[in-house]
Amino acid sequence: MSERLRIGVLGASRIAESAIVVPARELGHRLVAVAARDPQRATVFAEKYGVERVLSSYQDVVSDPEVDVVYNPLANSLHAPWNLAAVAAGKPVLTEKPFARDRDEAQRVADAADSAGVTVMEGFHYLFHPVTRRCLELADDGTLGELRRIEVRMGMPAPQPDDPRWSLELAGGALMDLGCYGLHLLRRFGTPTIVRATAGHRDPTDVDVDAWCDVDVEFDSGVTGLSTNSMVAGEHFFTLKVIGTRGDAFAHNFIKPAEDDRITIRTDTGTTVEHLGRRASYTYQLEAFAAHVLHGAPLPLNNADAVANMALIDDAYRAAGMSPR
C-alpha cells in the first residue's frame, strides 16, 4: 500500500462531501470507486467529486482489489451489514455513526472485526479536533476545579419528511442521529448510568421514531451529565459545557469547529476565549485513520467503545419508553 489510500465509497450520501471527499482531497488520498442504489446518482457523484470509477453495487466496491479502505455513510440500518461485508473482504472501514442499530448488532461487527484483525472505526470525527481535546484537558487539569456536570446540547431543523432519519426501518431517530454523539462525548468523562430519558414525536401517530430525546446520566463520582437532542429545533446548535467547582468551559460548536472554533473559559480569575483552529474535524479524522491503516498508529476509538456506546443508546431508548432500533 502506498502513502495514499485508495478509498471506495458506499452510496452517494449528503455527508460524503464534508466527511470524505474534501478531507481526501486535502490529504492527497484517492477516491477510486463509488456505487449507489441509483446508478445515476453514483454517476453524478463521481463526476462532481472526481471519483475514478462507478461500480454496479456496494459489493463490487467492497470486493474491488483496487480499493484499500471502505467509507460507509449508508443509512443506519445498513452500517453493520456492509461493515461486515468489508471485514469479510479484509478491508478496513471508516463507518459513519452509529456503529450499528443496537448493541447486539454492534457486538457481531466487533467480534468479526476482532477475529479478522480488520479495523472498523466509528466516525466520531469531533473527538479528533483540538476543540474537543482541549475541553477534555480542561476537565482533567484542575483549571475548572473538581468536575461537577457535563452538558451536551444538540439540535437541528427538521429533515424532510422522506428523510431516512424519520424511518424506524432504517434505524432513524434523534437519539441515533444526534444522541449517539452526546452519549459518546459523555462517556469520555467516565462510565455513565442512565438516570432518566424522555422523548417526543412529530405527531401522536408517529411514536416509533423520536423527534427529540433528552437523557440524564450520573457517574460513580457523583458528576451528572445531560444529552439533549432535537431534530425539530429552529436552528443548528452543537454545544458542550463542562462545569467544575471553579468555573466552566463552553465549546460553541464541537461538531463543526471549522465554523466556530471557540472555547469560552470562565473561572474565578476571569473569562478567556480560546480559538483552536478552523481545520475541519473530518480532516483530522481521516488523517488519523490513514496513519493507523498505513503505519499502525493508535486510535482513540475501538470496537469495545462502539459496542458500549450502542449499549448506552439502547438503555436510553428503554428509559424513554421506546424500543432500541
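Start at helix H4: its buried residues pack against strand S1 (6-10), helix H3 (58-63), strand S3 (69-72), S4, helix H5 (103-116) and S5. Keep in mind throughout that this is a predicted model.

**Stop 1: helix H4**

Select residues 79-88. Seven of these 10 residues are buried, so H4 is largely enclosed by the rest of the structure. Colour the buried ones: His79, Ala80, Trp82, Asn83, Ala85, Ala86 and Val87. Then step just past the end of H4. Gly90 has a positive phi there, about 80°.

**Stop 2**

Is Asn83 buried or exposed? Asn83 is buried, at a relative accessible area of 0%. What does Asn83 touch, apart from neighbours within four places in sequence? Show Asn72, Val93, Thr95, Phe99, Val109 and Val120.

Move to one of those contacts, Thr95. Thr95 belongs to strand S4 (residues 93-95). Thr95 also has a relative accessible area of 0%, and counts as buried. Leaving out residues up to four places away in sequence, Thr95 is in contact with Asn72, His79, Asn83, Val120, Met121, Glu122 and Gly123.

**Stop 3: two backbone details**

Go on to Pro98, in the loop between S4 and H5. Look at the peptide bond from Lys97 to Pro98. The bond is cis, with omega near -10°.

Now jump to Ala171, in the loop between strand S6 (147-155) and H7. Ala171 is buried, with 0% relative accessible area.

**Stop 4: the aromatic rings**

Display the rings of Phe, Tyr and Trp. The structure holds six aromatic pairs. Begin with Phe124 and Tyr181. Their rings are edge-to-face, 5.5 Å centre to centre with 75° between the planes. Phe124 sits in the loop between strand S5 (120-122) and helix H6 (130-140), and Tyr181 in helix H7 (residues 174-186), so this pair ties together parts 57 residues apart in sequence. Phe124 is buried at 0% relative accessibility. Tyr181 is buried too, at 5%.

Next, select Tyr126 and Phe254. The ring centres are 5.6 Å apart and the planes stand at 85°, so this pair is edge-to-face. Tyr126 is in the loop between S5 and H6, while Phe254 is in the loop between strand S11 (247-251) and strand S12 (262-267), so the pair ties together parts 128 residues apart in sequence. Tyr126 and Phe254 are both buried.

Now show Phe124, Tyr126, Tyr181 and Phe254 together. Ring pairs link these four into a cluster.

**Stop 5: H7 against H9**

The axes of H7 and H9 come within 10 Å and cross at roughly 115°. The crossing is right-handed. On the H7 side, select Leu175, Met176, Cys180, Leu183 and His184. On the H9 side, the contact uses Asp305, Asn309, Met310, Leu312, Ile313, Ala316 and Tyr317.

**Stop 6: charges over rings**

Tyr317, one of the H9 contact residues, has another partner. Select Arg325: its charged end sits over the ring of Tyr317, 4.3 Å from the ring centre. A second example is Arg279 with Tyr284. The charged end of Arg279 sits over the Tyr284 ring, 4.6 Å from its centre.

**Stop 7: the cysteines**

Finish with the sulfurs. How many disulfides does a search of the whole structure find? The search finds zero. Take Cys135. Its sulfur is 18 Å from the closest cysteine sulfur, in Cys180, which is too far for a bond. A disulfide needs the two sulfurs within 2.5 Å. Cys180 is in no disulfide either; its nearest cysteine sulfur is that of Cys213, 12 Å away. Cys135 is buried, at 0% relative accessibility. Cys180 is likewise buried at 0%, and is one of the residues on the H7 side of the contact with H9.

Technical notes. Residues numbered from 1 in each chain as written. Predicted model: local features only at pLDDT ≥ 70, side-chain atom pairs only at ≥ 80, totals over all residues. Heavy atoms only, no water. Buried < 20%, exposed > 50% of the residue type's maximum accessible area, 1.4 Å probe, protein only. Phe/Tyr/Trp six-rings, centres within 6.5 Å; stacked < 30°, edge-to-face > 60°. Helix = DSSP H or I, 4+ residues; strand = E, 2+ residues; numbered from the N terminus. Lys NZ or Arg CZ within 6 Å of the ring centre and 35° of its normal. Axes fitted to C-alpha atoms, helices over the stretch in contact; angles between N-to-C directions. Left-handed = near helix turned anticlockwise from the far one by under 90°. Contact = heavy atoms within 4.5 Å.
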